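Here are my notes on this one, as numbered points. Have the viewer open while you go through them.

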Amino acid sequence: RAVSLAITAREELGKAQIVADRIDGAVSRREFEDAFKRHEAKAAYVGRVIHLDLGPSEGGSRAITGGTITYDLQQGKQISKLRSDSLYVAWDGSKPVTPQQNITPELSERVVRCVKKAIEQEVVTQYMTQRIGTRSRLK
């Protein structure tokens, strides 16, 4: 159950970031709507990468002229599958596999630690920059 709750928390963190980024105009309407339909989109968004477009150098600094946010939906699918494996009995082709067989205590602890770290990093970043969403990483 810890894995399921931790991954749900990760998804909600991702969804909150997508909402903030939609308000800022950083994500499309489709991405925004996906956040409310697809678990993998929310789970993947937490690990997003920001690619900045920089203008010409002016006095030693370069202005940000645009950018792109990318995230790995395959990773999001793997994370969502992990949550499913933690909740439901699976079938390996010849026999049932229980959540207790799929999710070891060590894996559970690792997932909870990773999600806790992601939440803590987001809280600290938002506090330090007084911004939310991806903009909190750009100040």
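1. Start with Gln 130, which sits in the segment after α6. Helices here are DSSP runs of H or I with at least four residues, strands are runs of E with at least two, and both are numbered from the N terminus. Gln 130 has a phi near 60 degrees, a positive value in a residue other than glycine. Gln 130 also counts as exposed, at 62% relative accessibility. For these labels, buried is under 20% relative accessible area, exposed is over 50%, and partly exposed lies in between (1.4 Å probe, protein chains only).

2. A word on where this comes from: the model is predicted, so local features need pLDDT of at least 70 and side-chain atom pairs count only at pLDDT 80 or more, while totals for chains, interfaces and linings use all residues. Residues are numbered from 1 along each chain as its sequence is written, and side-chain values use heavy atoms, with hydrogens and water left out.

3. Now the hairpin. Strands β1 (residues 49–58) and β2 (residues 61–70) run antiparallel and are joined by eight bridges; pairing takes at least two DSSP bridges between the strands. Asp 53 faces Gly 66 in β2. Two residues lie between the strands, and Gly 59 in this hairpin has a positive phi near 65 degrees.

4. Have a look at Leu 52 in strand β1. Leu 52 is partly exposed, with a relative accessible area of 39%. Together with Leu 54, Ile 64 and Leu 138, Leu 52 forms a nonpolar surface patch with about 320 Å² of accessible area.

5. On to the inside. The largest nonpolar core has nine residues: Val 3, Ala 6, Ile 7, Ala 43, Ile 79, Ile 103, Leu 107, Val 111 and Val 115. A core means buried Ala, Val, Leu, Ile, Met, Phe, Trp, Tyr and Cys residues joined through side-chain atoms within 4.5 Å. The elements giving two or more residues to this core are α1 (2–23) and α6 (105–129). There is also a second, separate core of five residues, among them Ile 18, Val 27, Tyr 45 and Ile 69.

6. Who does Ile 103 touch? Leaving out residues up to four places away in sequence, Ile 103 touches Val 3, Leu 82, Asp 85, Ser 86 and Ser 108; contact means heavy atoms within 4.5 Å.

7. Last, Lys 15 in helix α1. Is Lys 15 buried or exposed? Lys 15 counts as buried, because its relative accessibility is 19%. Beyond its neighbours within four places in sequence, Lys 15 contacts Ala 35, Phe 36 and Lys 42.

Definitions and conventions
Patches are made of residues with over 30% relative accessible area and no salt bridge: like charges are joined within 9 Å, nonpolar side chains (Val, Leu, Ile, Met, Phe, Trp, Tyr) within 5 Å. Accessible areas come from the Shrake-Rupley method with a 1.4 Å probe; for residues, only the protein chains shown count as cover. A salt bridge is a side-chain nitrogen of Lys or Arg within 4 Å of a carboxyl oxygen of Asp or Glu.
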